[in-house]
Amino acid sequence: MMKNIWSSFIVAFAMYSKIPMPKTEWTKDHMKYSMCFFPFVGVAVGLIEYGWFLLASYLRFGAVFRAAGMTLIPVLVTGGIHMDGYLDTMDALSSWREKNQRLVILKDPHAGAFAIITGVVWFLISFAAATEITGKMMPFYCAIFVVSRCFSGLSVICFHNANPKGSAAAFSDQAQKKATGCVLIIYLAILLVVMCSLNPVQGITCFGTGLAVFFYYRWKSYKYFGGITGDLAGYFLSLAELLMQLAVIFAATIMGKL
């Protein structure tokens, strides 16, 4: 049992991060709890982000250089796997084709004009937002990488898959769904309590934004694709992290004016 759990941890990090992991076979037993450990990739991203922020502050780097590092860290740690899904999805949505043709565009390895345009917009907004992050906001900023992966993991095991042969379907089919769903919900409950205990306004605003994007993602995926795919899960995660980042800044700004 413990061996399978450890292997599930390795599979989650091997799939969703560039952090070196021991080799393991991707069998059903080794994959059935992997979504339980997907949020731990977010923990790793958050810890590295916090470490970079402290280092940049200690060395008195400028806000621009510090923000550049904060923007790049999630991409470097994950290898850009979620951003790839975001770009593919934006290409498909911008095509205004039929549902089946949108699914074909998701599989196309070539980047279209809309992918490039929306990718640049995403990085500009994320970078600009990162310049506004202060030390008091950092716990919430780091938490968004865990919250987004909890919701993303729930979607993989709970939502209908539009592509039965895709990566999302593979993890969904192999998952111990009831146990994994309970674990992810417990993670989310703990995160909500901790965030609200630090600051109720920022905690509720940040978490609520992630929840709203989660339901928006379900509606969008079902309407335009007939369900989710691995690319759409990456689209959700990238969009949720960006909007939660803005929510943290918005809540802090409103509180500062009260």
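Predicted model: local features only at pLDDT ≥ 70, side-chain atom pairs only at ≥ 80, totals over all residues.
Start by selecting R218 and F159: the charged end of R218 sits over the ring of F159, 5.7 Å from its centre. Here "over" needs NZ of Lys or CZ of Arg within 6 Å of the ring centre and within 35 degrees of the ring normal.

Residues are numbered from 1 along each chain as its sequence is written, and side-chain values use heavy atoms, leaving out hydrogens and water.

Next, pick F151, F159, F207, F214, F215, Y217, Y222 and F236, a cluster linked by ring pairs. Rings of Phe, Tyr and Trp (its six-membered ring) pair if their centres lie within 6.5 Å; planes under 30 degrees apart are stacked, over 60 edge-to-face, the rest tilted.

The structure holds 23 aromatic pairs. One of them is F9 with F37, edge-to-face at 5.5 Å centre to centre and 80° between the planes. F9 is in helix 1 (residues 2-16) and F37 in helix 3, 28 residues apart; helices are DSSP runs (H or I, at least four residues), numbered from the N terminus. Both F9 and F37 are buried, meaning under 20% relative accessible area (1.4 Å probe, protein chains only).

Finally, jump to Y86 and Y235: their ring centres are 5.9 Å apart and their planes at 15°, so the pair is stacked. Y86 lies in helix 5 (residues 81-95) and Y235 in helix 12 (residues 230-257), so the pair ties together parts 149 residues apart in sequence. Y86 and Y235 are buried as well.

Conventions: Helix = DSSP H or I, 4+ residues; strand = E, 2+ residues; numbered from the N terminus. Buried < 20%, exposed > 50% of the residue type's maximum accessible area, 1.4 Å probe, protein only.
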